[in-house]
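Hello,

I am passing this structure on to you, with some notes on what I found in it. Have a look at it first, then read on.

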Amino acid sequence: MELLQSKSGFICDMDGVIYHGDQLLDGVKEFVDWLYTEKKKFLFLTNGSGKSPKELQQKLARMGIDVDESHFYTSALATAKFVASQKPGCTAYVIGDPGLLCALHEEGIMINNINPDYVIVGETYNYNYEAICQAVHHIQNGAKLIGTNTDLTGPSERGVIPACRALVAPIEMATGKKAYFVGKPNPLMMRTGLQLLGVHSQDAAIIGDRMDTDIIAGIETGIDTCLVLSGVTSTEMIKTYPYQPRIVLKGVGEIPKASLCD
């Protein structure tokens, strides 16, 4: 715990770490207060693509957590940056929510439902059969398939729900084409996170609830890893992976509590 507390920069997942749906998790307020009190640099790095940083800031504000918009980075922003760097001025058919659409617009990527360069898929509650058919049609005509992140499922107030990779799967199966996923654990997003924090990898830690995105991302980026059991991963599930987090906590609230006990 002392090693974790000594880090100068923290990359934190959101779903399953900070909240479930619209419910703030235990100890989060104390953890955020600790980050400020200890003058830590921190970034909420989420694979969620549906909300913009401003919307995420407002969501936390409604829960009683006051954090500046600059502390948020999403897979939608990472995806838009990647696609724009690959093909400036390109167009895309998008299956996703406003956060993804806004991120693409800000990078100069126009929406095109006729002959797009890319099909880009993120989380959305408006997923339907017609959208799948449209995506398949565009990919058969040469569009490239991009997914915002590799999360197969995600936590919610009503339990585990399908996430981006589950939505991409039918399109991959129908076309025989594999998507390129931009979010965690892709090093592109992790390097950007460290750049935004302004810290070296050895001085940073990642806190997440997923072994297959957060923890492997930390291991492959060379930063300290902390898994919390407040999301989708149980103690039994951890044992099934060939890699392990350095430290496992019930939730982020244990970090400031340990400081008080020192």
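The buried residues of helix α4 are S75, A76, L77, A78, T79, A80, F82, V83 and A84, where buried means under 20% relative accessible area with a 1.4 Å probe and protein chains only. That makes nine of its twelve residues, so α4 is largely enclosed by the rest of the structure. From first C-alpha to last, α4 reaches 16 Å, close to the 16 Å expected at 1.5 Å a residue (that is, 1.5 Å times one less than the number of residues).

Please keep in mind that this is a predicted model, in which local features need pLDDT of at least 70, side-chain atom pairs count only at pLDDT 80 or more, and totals for chains, interfaces and linings use all residues. Residues are numbered from 1 along each chain as its sequence is written, and side-chain values use heavy atoms, without hydrogens and water.

Now to the sheet. Six strands, paired in parallel, form an open sheet in the order β5-β4-β1-β13-β14-β15. Helices (H or I, at least four residues) and strands (E, at least two) are DSSP runs numbered from the N terminus, and two strands pair if DSSP finds at least two bridges between them. β5 (72-74) and β15 (247-249) stand at the edges with a single partner strand each, so one side of each has no neighbour in the sheet.

Within the sheet, four bridges join β1 (residues 9-12) to β13 (residues 204-208).

Best wishes

Notes. Buried means under 20% relative accessible area, exposed over 50%, partly exposed in between (1.4 Å probe, protein chains only).
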